[in-house]
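Hi everyone, thanks for coming.

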Amino acid sequence: MKYIYILSFVVLQACSGQVSNSNVLENNDMHIIDIDNIEPASNIKLSSYFSSLEFIPLETNNEALLGRINKLHVYNDTLFILDKTGSKGVFMFNRRDGSFLGRIGSIGSGPGEYSSLEDFTIDIENRRLYLLDSDRQQIYEYELGGCKYLTTVSLNAKANRSYNIQYWDNKVYGDLFFRRKSTKNDYMLCELDMKTGEVNNFWLSAQQYNLGWSELFFINKAFYSQPSLKPKFVQLFMNVIMEIDNNGVSPFLLLKSKNWVSEEDLSQKGDPYERYSGLFKTDRIYGIGDLLEGKDFIYFKYMEGMTPWHVFYNTKTKDVVHSSLVVNDLLYKKSVLDYIDINFCFSDNKGGYSYIHPFAMGKFIEGVHSDIFNHNASYNKLLDLKEGSNPVLLYYEYKD
């Protein structure tokens, strides 16, 4: 079988929507991880990278019964949380005590009201917040402070659709999906005109970078951002994380493996779900996600079949530690086999935010009452948790 590395070593620049292949990449800042040549660790202790853990239970309120935390952004002690499945909206909570502050917009057909929220992004400089309605292919603009609705931008979605958006340096970017089989002229990333809804520039051929996959049955997170750092972009079958900057897009991190999923794997017979779920029974690698950039390390997950693998990459020494098991010794008093997953969803320059998945809240509450967690200054906040409580955030502070 022929193995394919998706990365082409070029600098990608916006130029009337075209990709320039003329410049050979010479970028010492790009990180390359050859996972096949690194011996897996039996486990990874979180205390090797983080110094402390803070619990942030979110207030359980009839106006905001969260089904899932699909996205988190933190700004000025306010937690902005997207829930696409339960209460279906963007909700605000106080960072210090988890108290509920309010909801941005609502479901409906009036000005600023939405049908199906898929993503949001924040423009800190101009104090704007943008909500993406995937059904209507519209972006709603709100004031960041008082959350006042300002305007609606309708995207030109005749042939393509966007499901994720990202603000950066006075521009809004979106991913691209098509209502047909992808061609060599179909791209995955674009810059959106926030006045007309048209696509100004686009990058990253789906055939070249994502093995031709542009199916709409499964929409994963595409953008990763944190304060003061350039946004990152990756799709389901890309083995390279791209970085967005003023000049366009450039490779940030490459994950190499002979077991990376191939175009042949994805071209088997069956509907998209059958072809995707067929990977679960293989040793094929795919699905880079949960990216977090620490002070001197990069963390991300990837999938091998149905097994998630965790990677910690030291940006100074270039050392890599990867394992299928993370020991959360900051949470548990002693090592346990039946542990709660790590779900990093946002990070700042001091630490990273994870959350307890709603499906794991019962196990988490049981752990609180069984006294198997380490006690700290925020532990008492957990004692009032009960069945039906909103999820809990966990903030891991980086080591100095």
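First, the rule for ring pairs: rings of Phe, Tyr and Trp (its six-membered ring) pair if their centres lie within 6.5 Å, with planes under 30 degrees apart counted as stacked, over 60 as edge-to-face and the rest as tilted. By that rule, ring pairs join Y49, F50, F297, Y299, F312, F344, Y396 and Y398 into a cluster.

A word on the model: it is predicted, so local features need pLDDT of at least 70 and side-chain atom pairs count only at pLDDT 80 or more, while totals for chains, interfaces and linings use all residues. Residues are numbered from 1 along each chain as its sequence is written, and side-chain values use heavy atoms, leaving out hydrogens and water.

Searching the whole structure gives 28 aromatic pairs. One of them, F223 with F233, is tilted, at 5.3 Å centre to centre and 55° between the planes. F223 belongs to strand 19 (residues 223–224) and F233 to strand 20 (residues 232–233), so this pair ties together parts 10 residues apart in sequence. Strands here are DSSP runs of E, at least two residues, numbered from the N terminus. Both F223 and F233 are buried, meaning under 20% relative accessible area.

Now back to the cluster, which includes F344 and Y396. Their ring centres are 5.8 Å apart with planes at 70°, so the pair is edge-to-face. It links distant parts of the chain, from F344 in strand 28 (residues 344–347) to Y396 in strand 30 (residues 392–398), 52 residues apart. F344 is buried at 5% relative accessible area, and Y396 is buried too, at 1%.

Notes:
Helix = DSSP H or I, 4+ residues; strand = E, 2+ residues; numbered from the N terminus. Buried < 20%, exposed > 50% of the residue type's maximum accessible area, 1.4 Å probe, protein only.
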